[in-house]
Amino acid sequence: TPVTIHLLPLGTANNIAKTLRISTVIDRHAVIREKSIKSFDCGKIKGVPKTKFFLESMGFGIFPQLIHEMKNSAKTEDIPSAELKQAVKVLLKIIKTFKPQKATIKADGIKIKGSFLLVEIMNIQYLGPNIKLAPQADPGDGFFDLVMIPEKGRDALEEYLKGSMEDSVEYESLEKFVKTIRVQHVKIKWGGTQMHVDDDLVDYNAGKNIKVDVLPDVLDFVQDI
């Protein structure tokens, strides 16, 4: 039986709260009848030891590398907005030298092969330090957004991230370098050795098949009207 979750967005990025448009102002979190309920899907994972589910996203490429570098570096900022900008700066450095990896993807009957900077299966709109890579994602619609950035999108991705730091980003520009497909079932093999599930790095053997399926309506969140 689903348990209704009242989310208090007190973290740094608060990507679920941003996707659901949940207020960060605590005074607005009184539990009242006028609050609406938003169903929330989850991802079921097969092929990853000790990891069976995700809420936000899972994937390969530059974002797992960012998690690795941020967890192995000393924290220099205590203000959330400054910490997010610092993470974007680290990500920009990673992008400059990141070697694209080969991937084979089967998504709802579609087969995709290529070399990518990033492959993400996203249930929400934001990734990592508030990077909006899936602006059309709806975590309660029974679909994921399969997000892929090929090597030729490197320069456009850098410009997009720089714009996000200055709050001057145009989400329409994503179409220039991001390939997105709405999917329910995905099989993927990645050529690298780093993978993330939500905010955690997990062990991955290069070339191993990972299977992901949508589990619809697993959670309920209280959402502002």
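Start with β5 and β6: they form a hairpin with two residues between them, and Asp108 in the turn has a positive phi of about 50°. Strands here are DSSP runs (E, at least two residues), helices are DSSP runs too (H or I, at least four), and both are numbered from the N terminus. This is a predicted model, where local features need pLDDT of at least 70, side-chain atom pairs count only at pLDDT 80 or more, and totals for chains, interfaces and linings use all residues. Residues are numbered from 1 along each chain as its sequence is written, and side-chain values use heavy atoms, with hydrogens and water left out.

**Stop 1: the hairpin and its neighbour**

Select residues 101-107 for β5 and 110-122 for β6. The two strands pair in the antiparallel sense over seven bridges. Pairing requires that DSSP finds at least two bridges between two strands. Pick Lys102; its bridge partner in β6 is Ser115.

Five bridges join β5 to β11, and the two run antiparallel. Click Ala107 to find Val186 of β11 opposite.

**Stop 2: around β14**

Stay on β11, residues 185-190, and bring in β14. These two strands run antiparallel, joined by four bridges. His185 stands opposite Asp213 in β14.

Keep Asp213 selected. Which residue has Asp213 of β14 as its bridge partner in the pairing with β2? It is Lys44. β2 covers residues 36-46 and pairs with β14 in the antiparallel sense, over ten bridges.

Next, select residues 4-5, strand β1. Here the pairing with β14 (residues 210-223) is parallel, over two bridges. Ile5 has Phe221 as its bridge partner in β14.

**Stop 3: two helices**

Show α3 (residues 80-97) and α4 (residues 154-165). Their axes come within 10 Å and cross at roughly 170°. Axes are lines fitted to C-alpha atoms, for helices over the stretch in contact, and angles run from 0 to 180 degrees between N-to-C directions. That crossing makes α3 roughly antiparallel to α4, the term for angles over 145 degrees.

Show side chains at the contact, which means heavy atoms within 4.5 Å. From α3, the contact residues include Val88, Leu91, Leu92 and Ile95. From α4, they include Leu157, Leu161 and Met165. By class, this contact has seven nonpolar, two polar and six charged residues. Ala, Val, Leu, Ile, Met, Phe, Trp, Tyr, Cys and Pro count as nonpolar, Asp, Glu, Lys and Arg as charged, and the others, Gly among them, as polar.

**Stop 4: the largest cavity**

Leave Leu91, Leu157 and Leu161 on; they are among the residues that line the largest cavity. A cavity is a set of points on a 1 Å grid over the protein atoms alone where a 1.4 Å probe fits but cannot get out; lining residues have an atom within 4 Å of a point. The volume is about 70 Å³. α2 (62-71) and α4 each supply at least two lining residues. What classes make up the lining? It has eleven nonpolar, no polar and no charged residues.

**Stop 5: the second largest pocket**

Finish with Pro129, Asn130, Ser164, Met165 and Asp167, the closest to the centre of the second largest pocket among its 16 lining residues. A pocket is an open set with protein on both sides within 12 Å along at least five of seven lines. α3 gives the most to this lining, with four residues. By class, the lining has nine nonpolar, three polar and four charged residues.

Key
Parallel < 35°, antiparallel > 145°, perpendicular 65-115°, else oblique. Points joined across faces, edges and corners; volume = space filled by probe spheres on them.
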